[in-house]
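Open the model in your viewer and keep the selection tool ready. We will go from one whole chain to a single pair of residues.

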Amino acid sequence: MPEKLNVALAQISCKVGDKKQNINIMKKKIKQAKEKGANLVIFPELSLTGYLNRDLAYELAEPIPGPSIHSLEDMAKKESIYVVFGMPEQSGKAHGVLYNTAVLLGPDGLIGKYRKMHLPTHSVFEEKRYFRLGYEAPIFETEIGKIGLTICYDIFFPEIYRLLRLKGSQLIICISASPAVRSRFFEVFTAARALENTVFLAYVNLVGVENGLQFWGGSRIIAPNSSTVTKAKYDEEDLAMGTIDYADLQRVEVFVPTLRDLRPELFNSLREQAEKL
Amino acid sequence: MTSDALKLDLPSVETRIKRFIKDYVEKCGAEGVVLGASGGLDSCTTAALASLSLGGHKVLGIAMPEEETYNTTNIQHAKLLAKKFGFDLQIVDISSTLKACFQSIPVYDATDKLSKGNVKARIRMVYLYYYANKLNRLVCGTSDKSETMMGYFTKWGDGAADISPIMDLYKTQVRQLALHVGVPAEIVAKPPSPGLWPSQLAEKELGIKYETLDLILFGLEHFMKPKEIAEELNLPIKLVEDVKRRWLSAEHKRRLPLTTKFGYRTVGKDFRLSHTPY
């Protein structure tokens with residue numbers, strides 16, 4: 001495994017409902033990222049289809065693996081690169097069951113997926129109307145490190161990040177479609193989740209306007225000590241590059257020993273109290 | 001709760017509104033926008049933002065005076081703004097259209113100010129959509145959040161539009177934004193009027209100053225109970241409850257027409273599509 005990992009944050013604007021165009025955009029960005037020396041390129045939440053598909057989600061969703069996965073797998077193999085992107089996934093067992101899913105591809109093809117566990121259904125968000133909750137938070141042991149995947153609203157919940165870190169994640173990726181009115185929350189949470197878990201965090205947000213909602217970009221890589229490794233532009237498309245040095249993990253783990261000082265006995269109480277809320 | 005609650009990050013709001021207009025016009029493949037240019041605060045602010053967003057050559061303001069409410073100052077203000085922001089302005093007197101319309105209505109009653117006034121707003125809408133169709137443009141609405149929440153507009157009249165860039169800003173916020181983008185102070189300072197009949201003034205008709213109304217609406221927007229709002233603002237509870245009643249009863253003006261459900265997916269209820277798919 002390389003000590004240093006070059007990551008490209010592909011902060012793109014998607015065309016709602018147009019998978020063909022979005023795949024073309026992603027392929028171009030993958031090529032550009034590779035030319036810039038990236039080992040890993042990350043796209044925003046639901047980047048295959050755009051975020052606000054609403055009822056179109058049923059016709060746009062695909063099983064995993066499926067045609068769009070195959071198309072992007074070919075590109076990942078050709079460029080010998082790791083890719084993370086988002087898509088509406090159709091269950092292999094029931095056509096009406098969809099998930100908001102993050103996919104990890106590698107130079108050998110599909111590695112794995114994560115189905116979003118926290119689906120926002122408040123304010124302008126209506127994800128529970130369309131998607132089923134995910135039930136697993138896997139980590140993926142790859143040639144470029146141990147990687148955990150999360151999606152957008154998950155970042156409001158420290159539990160999933162803690163779990164991914166305790167499972168051994170070195171890098172947690174958060175793909176997002178966050179509107180501008182919420183930018184302040186993500187600025188705080190990205191730094192907090194990285195620091196409290198002493199882990200690298202790569203956050204990639206959408207840009208552009210969908211249905212009057214303006215996505216703010218601001219993608220970034222946060223180091224385990226909460227410093228910013230790289231940050232993409234606000235409100236504009238960008239391909240920001242950042243280098244992750246896994247050697248930093250050990251240094252920060254000693255200086256900020258949150259993992260050593262964890263109190264597991266609190267977790268049972270946490271569960272009891274949460275069930276009674 | 002004070003007026004601080006309604007303070008805006010003005011450069012950010014300006015940028016986002018301009019981006020919103022440009023993005024939607026481009027996605028629709030339209031040549032620009034047309035809007036009603038009354039010379040009032042809301043239409044001047046919207047016209048200014050649209051011009052800054054698209055360029056003045058893609059913005060057409062239509063001033064539609066009529067003899068009963070003819071106001072030279074408002075026409076001058078529309079002209080002043082068009083010159084300052086470089087958009088085209090056409091002045092179309094709708095008096096003869098109104099006269100013909102009223103004469104053709106068997107039950108027309110000249111003393112019914114409201115019914116008559118609403119016709120004026122709807123005739124203006126007809127003109128705007130004619131221009132929009134003819135020129136492949138969008139109709140850009142100029143309603144603000146205060147009047148939208150209070151239902152203080154004509155259904156399918158001035159409320160009819162393809163986009164409404166300032167509809168999520170209260171009147172007092174529009175005033176801040178207007179000054180920020182360079183709308184002349186004399187326009188911002190004018191008492192607002194829908195101009196449906198002579199001497200009509202919004203605050204007099206609503207029975208409340210916008211500075212107070214906006215804070216009540218802000219409280220309701222944030223799920224506060226009338227009692228809490230009244231206590232926080234030191235207002236009579238009846239005033240707050242009256243605003244809430246009006247706020248609730250105007251919902252029909254903000255929605256597609258109500259229907260009863262038969263189908264699998266029903267327009268206005270559970271038929272949900274994005275505004276610009278594909």
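The tour below starts with chain B and then moves to a sheet in chain A.

This is a predicted model: local features need pLDDT of at least 70, side-chain atom pairs count only at pLDDT 80 or more, and totals for chains, interfaces and linings use all residues. Residues are numbered from 1 along each chain as its sequence is written, while chains are lettered from A and ligands numbered from 1 in the order in which they are written.

**Stop 1: chain B.** Select chain B. It has twelve helices and four strands (DSSP runs numbered from the N terminus: helices are H or I with at least four residues, strands are E with at least two). Of its 278 residues, 38% count as buried (20 or more other C-beta atoms within 10 Å of the residue's own, C-beta atoms being placed from the backbone).

**Stop 2: where the chains touch.** Eleven residues of chain B and 14 residues of chain A make the contact (C-beta atoms, placed from the backbone, within 7 Å).

**Stop 3: the sheet in chain A.** Select the six strands of the open sheet, in the order β5-β4-β3-β2-β1-β14 (chain A). The pairing is mixed (two strands pair if DSSP finds at least two bridges between them). β5 (109-115) and β14 (238-245) of chain A stand at the edges with a single partner strand each, so one side of each has no neighbour in the sheet.

**Stop 4: one strand pair.** Select residues 4-11 of chain A, strand β1, and residues 40-42 of chain A, strand β2. They run parallel, joined by three bridges. Finish at A:Ala8, which stands opposite A:Val41 in β2(A).

Methods:
Buried ≥ 20, exposed ≤ 12 C-beta atoms within 10 Å, placed from the backbone. Contact = placed C-beta atoms within 7 Å.
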